[in-house]
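Reader: I have a chain on my screen and a list of labels for it. Could you show what each label rests on?

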Amino acid sequence: MSKLSRRKAVFGSLCMACAGAHGLMASSARAQGWSPPGAAQRCPSRWGAADRRGAMNLMTPERAKRAAQLIRTGEIVECGQTLNQTMPFFGTRRFDVHLKRTFMNPEGNRRGSNEELVVAEIGQVGTQLDAFPHQTIGDEGYNCVNIPRISSRNGFTEMGVDTVGTIFTRGVLIDVAALKGVATLPDTYEITPEDLEAALRRQNTRIEEGDAVIVHTGWGLLWGRDNARYVRSCPGLGVAAAEWVLRRNPMLMGSDNWPVECAPSKTMPDASLPVHQLALAVHGVHLLENMKLDVLASRGQHEFAFAVQPLKVQGGTGSTVAPSALF
């Protein structure tokens, strides 16, 4: 079987699994649970068995130049949440800032110096980009790489977030909250392919290969205001909707919620964050979580140049980031 036909088979089998979103296989999915595609179906990736960059192979000079052409007024909207001790956290994740007050140097010009000590799980707090080793299918990550083999005391020896580099591409905001006429989608609302198609028609926007596809649910309005509700569940992409996006070969998928996908999954209630596995481990597409999208949404800005670069945390599973939309 060729690589392309193998990918078609993967998509076909996943679409059958995703049909539960339309009520066709919901009872079967609940009864049998869900398993991601096997190694023979998902590997090697479309870029070959040795590839470790996934969709970042789409980050070409030509795509960067096309993105730059979208900057007409020079305006910038920041899409990252502020890092502080009052943001939502999961489990033992933390972000603590300890200020180191002025040290006065002995020279006559009295130069004072302030610093801070930050104690944090810097890869998985705030607005964050997930690297491939963050999620696995069993012991395997993207392109069937054995994760224990690349694990070390000081991080991963392959596919760490330090290898991602700068992302500068066309960004597309799909405003599902606006489509539904609400500020925030209901808790655990599962976005369907039909929702995405309708929102794009409403906006007169389309997805192109290599885009940063960003979904506005309105969930970010709870950030720092109702943290308990924010982390308890969230609206987001259903598996069928995520596969619909992934078939269009995005560079990354992002949202203003914490997992990009709907949590818990409605069509696959026995699966734990299945879109994480599909995006990161199966398709090699990075996820961008906890974005601040209220300004872009209020302006109706659905197309823009999108810029973000992870911190160079060697071997890291992810990185807090401060993405921007430029137009």
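Author: What follows takes the labels one by one and sets each value against its cut-off.

Reader: What should I know about the model before we start?

Author: This is a predicted model: local features need pLDDT of at least 70, side-chain atom pairs count only at pLDDT 80 or more, and totals for chains, interfaces and linings use all residues. Residues are numbered from 1 along each chain as its sequence is written, and side-chain values use heavy atoms, with hydrogens and water left out.

Reader: How many helices and strands are there, and what makes a stretch one or the other?

Author: The chain has 11 helices and 15 strands. Both are DSSP runs, numbered from the N terminus: helices are H or I with at least four residues, strands are E with at least two.

Reader: What makes Cys43 and Cys144 a disulfide?

Author: The rule asks for a pair of cysteine sulfur atoms within 2.5 Å. The sulfurs of Cys43 and Cys144 are 2.0 Å apart, so the pair meets the rule. The count by this rule is 1 disulfide. Such a link is a covalent bond between the sulfur atoms of two cysteines.

Reader: Why is Cys43 called buried?

Author: Buried means under 20% relative accessible area, exposed over 50%, and partly exposed in between (1.4 Å probe, protein chains only). Cys43 has 13%, so Cys43 is buried.

Reader: How do you know that Cys234 is in no disulfide?

Author: The nearest cysteine sulfur, that of Cys262, is 6.5 Å away. Cys234 counts as buried, at 0% relative accessibility. Cys262 is likewise in no disulfide, with the sulfur of Cys234 as its nearest, 6.5 Å away. Cys262 is buried too, at 2%.

Reader: What makes His302 buried, and what does His302 touch?

Author: His302 has a relative accessible area of 16%, so by the cut-off His302 is buried. His302 lies in the loop between helix H11 (294–299) and strand S13 (303–308). A contact means heavy atoms within 4.5 Å. Leaving out residues up to four places away in sequence, His302 touches Gly171, Val172, Leu173, Asp175, Gln203 and Thr205.

Reader: Why is helix H10 called mostly covered?

Author: Helix H10 (residues 274–282) has 9 of its 9 residues buried, so the label follows from the count. Among them are Pro274, His276 and Gln277. Just after H10, Gly284 takes a positive phi of about 65°.

Reader: What makes S1 and S14 edge strands?

Author: Two strands pair if DSSP finds at least two bridges between them. The open sheet has 9 strands in the order S1-S15-S13-S7-S9-S11-S12-S4-S14, with mixed pairing. Strand S1 (76–78) and strand S14 (318–320) each have a single partner strand, so one side of each is left without a neighbour in the sheet. Neighbouring strands of this sheet are turned by 25° against each other on average, direction ignored.

Reader: Why are both faces of S12 called covered?

Author: In a regular strand the side chains alternate between the two faces of the sheet. In strand S12 (residues 286–289), His286 and Leu288 lie on one side, Leu287 and Glu289 on the other, and all are buried.

Reader: What makes a group of residues a nonpolar core?

Author: A nonpolar core is a set of buried Ala, Val, Leu, Ile, Met, Phe, Trp, Tyr and Cys residues joined through side-chain atoms within 4.5 Å. The largest has 67 residues, and Ile174, Leu196, Leu237, Met253, Leu296 and Phe306 touch the most other members. A second, separate core of 10 residues includes Met87, Trp219, Cys234 and Ala263.

How values were computed. Axes fitted to C-alpha atoms, helices over the stretch in contact; angles between N-to-C directions.
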